[in-house]
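Dear colleague,

Please find the structure below, followed by a summary of what was found in it.

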Amino acid sequence: MVPLPGAGEIAGGLPGMGVPDDAVGQASGTAAPGDVDASAAEVRSFRDEFTGPAGSAPSASKWKQLTGCMWGHGVEKQCYTAGGRNARLDGAGHLVINARREKYVGADGVSRRYTSARLVSRVARAGGTLRVRAKLSRRQAGAWPAIWLLGTPAAKTPHYGEIDLMENGLNGAAWDPEYHVHTSGAGSGAGGAYGVDATRWHVYEVRWTTGPSGRVWFRIDGRLVRVLPYRVPSGSPAEVILNIAVGSQAGRPAADLDSTMTVDYVRMGG
């Protein structure tokens, strides 16, 4: 994917949009992304099976829910919310993230048309394996769901790297989930399509290492798809992000936008 001049990455593909326009954003009662101690990251694992009552918010001990309306240098159209409004458990062991068209007045008092959610793991790892079982709703123009890893501190993206384990909405009617790698060196943006039906359950998996010889191994349902270089500073920790962006490279949003990403589990470890 070719980056847009002056833009960045919110859900994969555009370096720099991992942070909001104010370079900090708002995380409900927490510090901004990048506050994880790299020295502890290597020995910690992260897991969420999303058990809990229907309608409840994701675990605050495991996830930060970033909020705000200014993302992607104004290219994207969503306001991220917290408190279970756009990200909630379904009571059957799943997390459901929903991006939809609705009137929403942000903290700045400006009325906008779309809401969504962006979850960031409270644990980061400097290499390891991430497995996420997920499915998407039908294709709708403007929806950009993604599962990805962002190196910290996010404000220095892409120097610390980004791995898009799954992002969709960039290929029109194909609605084919893709994978990409972004770094500050040669080969940034390399990736491809998985060639699977995104509306069905799939296990998206990546194993990665850091340093001058760093690499990533992408798998879908246990099948190796591709190996790519991932040259980032040794020991660079990365956080898991789950979100649905609206607009930007996903195109003009559908008038009836109502897109969901349902996640069965997130498992990250060595």
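Of the 270 residues in the protein, 55% are buried (under 20% relative accessible area, with exposed meaning over 50% and partly exposed in between; 1.4 Å probe, protein chains only). This is a predicted model, in which local features need pLDDT of at least 70 and side-chain atom pairs count only at pLDDT 80 or more, while totals for chains, interfaces and linings use all residues. Residues are numbered from 1 along each chain as its sequence is written, and side-chain values use heavy atoms, with hydrogens and water left out.

The protein has one helix and 18 strands (DSSP runs numbered from the N terminus: H or I of at least four residues for helices, E of at least two for strands).

One disulfide is present (cysteine sulfur atoms within 2.5 Å). It joins C69 and C79, with the sulfur atoms 2.1 Å apart. C69 lies in the loop between β3 (63-67) and β4 (78-80) and C79 in strand β4, so the bond ties together parts ten residues apart in sequence. Both C69 and C79 are buried.

There are six aromatic pairs (ring centres of Phe, Tyr and Trp, the last by its six-membered ring, within 6.5 Å; planes under 30 degrees apart are stacked, over 60 edge-to-face, the rest tilted). The pair of F46 and W63 is edge-to-face, because the centres are 5.0 Å apart and the planes at 90°. F46 is in strand β2 (residues 46-48) and W63 in strand β3, 17 residues apart. Ring pairs also link Y179, Y194, Y204 and F218 into a cluster.

Yours sincerely
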